[in-house]
Amino acid sequence: MKTVGALLWEPGTHSGWSVEEIELDPPKRGEVMVKLTSSGICHSDDHLDTGDIPLPWAPVLGGHEGAGVVTEVGPEVHDVQEGDHVVLSFLPSCGKCQMCVSGRANMCVLGAGVLAGYAPDGTHRIHARGKGVGAMSYLGTFAPYVTVPVDAVVKIDEEIPLMPASLIGCGVPTGWGSAVYAAEIQLNDTVVVFGTGGVGMNAVQGARLRGAKNIVTVDPVAFKREKAEEFGATHSVASFEEAGPLVEQMTDGQGADRVIITVDVARGEIVEQANQLTRRGGVIVLTAAAPVMQRDVQFDLFSFAMSGKRLQGSLYGTTNSRNDIPLIADLYKSGRLKLDELITRTYRLEDINQAFADLREGKNIRGVIVYDD
Ligand SMILES: NC(=O)c1ccc[n+]([C@@H]2O[C@H](COP(=O)([O-])OP(=O)(O)OC[C@H]3O[C@@H](n4cnc5c(N)ncnc54)[C@H](O)[C@@H]3O)[C@@H](O)[C@H]2O)c1
Ligand SMILES: [Zn+2]
Ligand SMILES: [Zn+2]
């Protein structure tokens, strides 16, 4: 079918997104077509434009945080049917590989191909200007319709409004899970969250749900600091320099139990700062994406080992999509997790470059592209 999508023809060149006609194929075996309600604007898509996440292929249809209604199912699809409400998961889970069956679905073998530029069977579902188009995360939610693997689709309760539900495709589980699973926050912990955008704000919510005593957020943008307190931060400061004395004073000089890094672009310096704020035996969680060639972190390795700290990487908040997407939807439904409040502004697809400009300027917790009914 003919539809429209936002593409990068030259990823990594700050060219911005081109909104143009695309041809979308119907679902093949094990795939479904979904009519999207909305798509969140996650910083990971901006990394494609800046080159922090380099793509050796082009063009790419961006977007990996969406929800909508299934309009067509391909052969051998048994889990969902037409009319089902679904969240698209930015990492698929096959449910059969060793990682999936051992409860580590964020490490599913299919995940290795999400930036390969093809559907899992090695062909394209999207075409533009006579060329095959790769989709971000097998999804490409910067288009009102998508054809995606059923392994990347999770059915949710129809009572959950689809616009806030779209954020459960990436930012919410990534941040929430970074706090709940990757950091393993314990009751009464002191937690620091660096960067409270669309991902970090959910780390704050996760910390609150786990019963953290102090939740200190660090963000240079005043609006983010204000909002962080609405999401559960007990203290919000503008910089590492301000966080240091505050954490020291609230922990009798011991340091924070957990420090979570959800800034826009991770660099060695921020990991060093997080390490300095972390107590002996504490955990540092690195969720933010660094430029791919970033290699340098200065650590006093002797002290790091002898103080028994842990530096934990976190992909998708270490969540299991089939368990955690419905779980998060339920937390929202019962009023224990905020989703609507994450959405600062909505945009039409034509205005996507404005949405990314606003992301870079720190104007939104999450900007969301909304599609017509
Ligand atoms: N690991 C994963 O699975 C995963 C999934 C999704 C996103 N991400 C990554 O997480 C990061 C955050 O994404 P997002 O969509 O929330 O971005 P965002 O732009 O919405 O939020 C980033 C926040 O960091 C703040 N910030 C910048 N420099 C800072 C500093 N030095 N100290 C404190 N705060 C600072 C910004 O003001 C902003 O509020 C990105 O790198 C993104 O690619 C990782
Ligand atoms: Zn994302
Ligand atoms: Zn798997």
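This is a predicted model: local features need pLDDT of at least 70, side-chain atom pairs count only at pLDDT 80 or more; totals for chains, interfaces and linings use all residues.
Start with ligand 1. Its shell holds 30 residues. H43, D219, D264, Y316 and R366 are the closest of them. By class, the shell has 15 nonpolar residues, eleven polar ones and four charged ones. Domain 1 covers 2–169 + 339–370, domain 2 covers 178–314, and each supplies at least three residues. Among the elements of the fold, helix α1 gives the largest share, with three residues. That helix spans residues 43–50.

Now look at the backbone around ligand 1. Y316 places a backbone N or O atom 2.7 Å from an oxygen atom of the ligand. Y316 is also one of the closest residues of the shell. G198 has a polar backbone atom 3.2 Å from an oxygen atom of ligand 1. At G195, a polar backbone atom lies 3.4 Å from a nitrogen atom of the ligand. How much of ligand 1 does the protein cover? On its own, the ligand has 870 Å² of accessible area, and the protein covers 89% of that.

Ligand 2 is a zinc ion. Which protein atoms are its donors? They are SG of C42, NE2 of H64 and SG of C170. Their distances from the zinc ion run from 2.0 to 2.2 Å. Along the chain, the donors follow the pattern C-x21-H-x105-C. The cut-off for buried is under 20% relative accessible area.

T50 lies in α1.

Next comes T190, in strand β11. The strand runs over residues 190–194. T190 has a relative accessible area of 5%, so it is buried. Its side chain has a polar partner: a contact of 2.9 Å joins it to the side chain of N214.

Two more residues complete the tour. A266 sits in the loop between β14 (256–261) and α8 (268–277). With 2% relative accessibility, A266 counts as buried. How far is A266 from V150, taken between C-alpha atoms? They are separated by 32 Å, and lie 116 residues apart along the chain.

S236 belongs to strand β13, residues 235–237. Its relative accessible area is 19%. The cut-off is under 20%, so S236 still counts as buried. V148 is 88 residues away along the chain, and the C-alpha atoms of S236 and V148 are 40 Å apart.

Definitions and conventions. Residues are numbered from 1 along each chain as its sequence is written. Chains are lettered from A and ligands numbered from 1 in the order in which they are written. Side-chain values use heavy atoms; hydrogens and water are left out. A residue is near a molecule or strand if one of its heavy atoms lies within 4 Å of it. A polar contact is a pair of N or O atoms within 3.5 Å; within protein, one must be able to donate a hydrogen and the other to accept it, and residues adjacent in sequence count only if both atoms are side-chain atoms. Accessible areas come from the Shrake-Rupley method with a 1.4 Å probe; for residues, only the protein chains shown count as cover. Helices (H or I, at least four residues) and strands (E, at least two) are DSSP runs, numbered from the N terminus. Ala, Val, Leu, Ile, Met, Phe, Trp, Tyr, Cys and Pro count as nonpolar, Asp, Glu, Lys and Arg as charged, and the others, Gly among them, as polar. Domain bounds come from an automatic or database domain assignment. Donors are N, O and S atoms within 2.8 Å of the metal (3.2 Å for Na, K and Ca); water is not among the atoms, so sites may look incomplete. Buried means under 20% relative accessible area, exposed over 50%, partly exposed in between (1.4 Å probe, protein chains only).
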